[in-house]
Amino acid sequence: LIISASKESSSEEKDENDKYARREFNYQSFRRSFYLAEDIEQDDINAKYANGILTIKLGKKKEALKLAPKTIKIK
């Protein structure tokens with residue numbers, strides 16, 4: 001699974017008498033990659049970005065849902 005985003009912005013400021021012009025450019029990028037477990041259904045991955053939070057939902061394969069949950073004892 002690869003998650004990436006990029007953002008570009010620019011601004012321009014000019015003098016009223018055309019003596020100078022100032023331009024600013026800003027570029028940002030983000031990229032992360034993750035290995036998924038074998039029981040994840042690759043066609044059932046959904047992502048939503050709202051209010052600065054990225055939510056990713058990974059669906060399991062039907063075979064994995066049939067397996068009994070594991071119990072781990074903690075000493």
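F34 sits in the loop that links β2 (21-33) to β3 (40-50); helices (H or I, at least four residues) and strands (E, at least two) are DSSP runs numbered from the N terminus. This is a predicted model, where local features need pLDDT of at least 70 and side-chain atom pairs count only at pLDDT 80 or more, while totals for chains, interfaces and linings use all residues. Numbering starts from 1 along each chain as its sequence is written, and side-chain values use heavy atoms, with hydrogens and water left out.

**Nonpolar patch**
- F34 counts as partly exposed because its relative accessibility is 45% (buried is under 20% relative accessible area, exposed over 50%, partly exposed in between, with a 1.4 Å probe and protein chains only).
- Together with L1, Y49, L54, I56 and L58, F34 makes up a nonpolar patch on the surface, with about 560 Å² of accessible area in total.
- Patch members have over 30% relative accessible area and no salt bridge; like charges are joined within 9 Å, and nonpolar side chains (Val, Leu, Ile, Met, Phe, Trp, Tyr) within 5 Å.
- The areas come from Shrake-Rupley with a 1.4 Å probe, and for residues only the protein chains shown count as cover.

- Strand β1 (residues 2-14) runs antiparallel to β2, and the two pair over 13 bridges (pairing takes at least two DSSP bridges between the strands).
- Across that pairing, S4 faces R31 in β2.
- Six residues lie between the strands of this hairpin, and D18 has a positive phi near 55 degrees.

**Salt bridges**
- The whole structure turns up four salt bridges (a side-chain nitrogen of Lys or Arg within 4 Å of a carboxyl oxygen of Asp or Glu).
- E12 pairs with K14, with the closest N and O atoms 3.7 Å apart; K14 is exposed, at a relative accessible area of 54%.
- E12 also meets R23 in a salt bridge, again listed at 3.7 Å, N to O.
- R23 belongs to β2 and E12 to β1, so this pair ties together parts that are eleven residues apart in sequence.
- R23 is exposed at 57% relative accessibility, whereas E12 is partly exposed at 46%.
- R22 and E13 form a salt bridge at 2.9 Å, N to O; R22 is partly exposed at 44% relative accessibility, and E13 is partly exposed with a relative accessible area of 35%.
- Shared partners join E12, K14 and R23 into one salt-bridge network.
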